[in-house]
Amino acid sequence: MSTLEIHVGIDLAREAQGIKDALRRHEAGAAVQEAHITFETWEGLTKVLTSKRLELLRHLHRNPEASIRSLSKSLNRDYKNVHDDVTALVSAGLIDDHDGLRAEYDGIEMKMAL
């Protein structure tokens, strides 16, 4: 398992340097398994990562679920609301929905450009 890095704001020089560093490590034979998601703005991040969705991510980290229906039952939440939350989190890359629902990273680190 790993840490998911969330970037807020786009610093193209930093992004390019990160890609170059990962390529250099890969070419040197190191295993490079990094997960990064970038949101253009703070408002974009907070629209996707609400408190209910963070609760959902924490649950999926501890207890992967087979389906949205089983997740909604486990969380004791309305199916439609959980479906909407899962759809948003999958679209953002925060949930893996291949063969069930999972959040396979141990933590989230956030970096924000000012």
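A: The lining of the second largest pocket is made up of seven nonpolar, two polar and three charged residues, where Asp, Glu, Lys and Arg are charged, Ala, Val, Leu, Ile, Met, Phe, Trp, Tyr, Cys and Pro nonpolar, and the others, Gly among them, polar. The model is predicted, so that local features need pLDDT of at least 70 and side-chain atom pairs pLDDT 80 or more, while totals for chains, interfaces and linings use all residues. Residues are numbered from 1 along each chain, and side-chain values use heavy atoms, without hydrogens or water.

This pocket (an open set of 1 Å grid points for a 1.4 Å probe, with protein on both sides within 12 Å along at least five of seven lines, lined by residues with an atom within 4 Å of a point) has a volume, as filled by probe spheres set on the points, of about 180 Å³. Twelve residues line the pocket, and S2, A35, A103, E104 and Y105 are the closest to its centre.

Turning to the helices (DSSP runs of H or I, at least four residues), the axes, fitted to C-alpha atoms over the stretch in contact with angles from 0 to 180 degrees, of α3 (residues 51-62) and α4 (residues 68-75) come within 11 Å and cross at roughly 105°. The two are therefore roughly perpendicular, a label covering 65 to 115 degrees. In contact (heavy atoms within 4.5 Å), E55, L56, H59 and L60 of α3 meet L71, S74 and L75 of α4, and these residues comprise four nonpolar, two polar and one charged.

On α5 (residues 79-92), α4 packs at about 115°, with the axes 9 Å apart. Here I68, R69, L71 and S72 of α4 touch Y79, V82, H83 and V86 of α5, giving five nonpolar, two polar and one charged residues.

Technical notes. Parallel < 35°, antiparallel > 145°, perpendicular 65-115°, else oblique.
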